[in-house]
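Colleague: I would like to learn how to read the strands and turns of a model like this one. Please take it one feature at a time.

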Amino acid sequence: MAINSDRVERDFSQRSAEDQQAFIELTWCDQCQKENLGLFDPCEYEHAGVIYIEGKCNQCKGLVVTELTDEEF
Ligand SMILES: [Zn+2]
């Protein structure tokens, strides 16, 4: 079953430079159990009404997904 079947790609590069910088630097990595290691290869998508920023951890290269709640818009 494809879990990403109804995800809608968004354009991360449309965000302001400050926003992009913040999302790239202010991260939480489940694998490393550390915050703010940073990520690379960022992309943005929407799934079931929630917006996510997804990238790869600078330290372990694992997937890092940030869920954007309303307060962070
Ligand atoms: Zn990591």
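This is a predicted model: local features need pLDDT of at least 70, side-chain atom pairs count only at pLDDT 80 or more; totals for chains, interfaces and linings use all residues.

Colleague: How do strands of a sheet pair in general?

Modeller: Strands of a sheet pair through backbone hydrogen bonds, and the pairing is either parallel or antiparallel. In this model, an open sheet of 4 strands runs in the order E1-E4-E5-E6, with antiparallel pairing. At its edges are strand E1 (8–10) and strand E6 (63–68), each of which pairs on one side only. Neighbouring strands of the sheet are turned against each other by 30° on average, direction ignored.

Colleague: Over how many bridges do E4 and E5 pair?

Modeller: Strand E4 (residues 39–47) and strand E5 (residues 50–57) pair over 7 bridges, in the antiparallel sense. Leucine 39 has cysteine 57 in E5 as its bridge partner, and histidine 47 has valine 50.

Colleague: What lies between those two strands, and which phi does alanine 48 take there?

Modeller: The hairpin of E4 and E5 has 2 residues between the strands, and alanine 48 takes a positive phi near 55° in that hairpin. Alanine 48 is not a glycine; its place is the loop between E4 and E5.

Colleague: Is alanine 48 buried or exposed?

Modeller: Alanine 48 counts as exposed because it has 7 C-beta neighbours inside 10 Å, and the cut-off for exposed is 12 or fewer.

Colleague: Where is glutamine 33, and what is its phi?

Modeller: Glutamine 33 sits in the loop between strand E2 (28–29) and strand E3 (34–35). Its phi is positive, near 55°, in a residue other than glycine. Glutamine 33 counts as exposed, because it has 7 C-beta neighbours inside 10 Å.

Colleague: How many residues are between E5 and E6 in their hairpin?

Modeller: That hairpin has 5 residues between the strands, and lysine 61 in the turn has a positive phi of about 65°. E5 and E6 pair in the antiparallel sense over 6 bridges, with isoleucine 51 opposite leucine 68 in E6.

Colleague: What share of the protein chain is buried?

Modeller: Of the 73 residues in the protein chain, 14% are buried.

How values were computed
Residues are numbered from 1 along each chain as its sequence is written. Two strands pair if DSSP finds at least two bridges between them. Axes are lines fitted to C-alpha atoms, for helices over the stretch in contact, and angles run from 0 to 180 degrees between N-to-C directions. A residue is buried if 20 or more other C-beta atoms lie within 10 Å of its own, exposed if 12 or fewer, and partly exposed in between; C-beta atoms are placed from the backbone.
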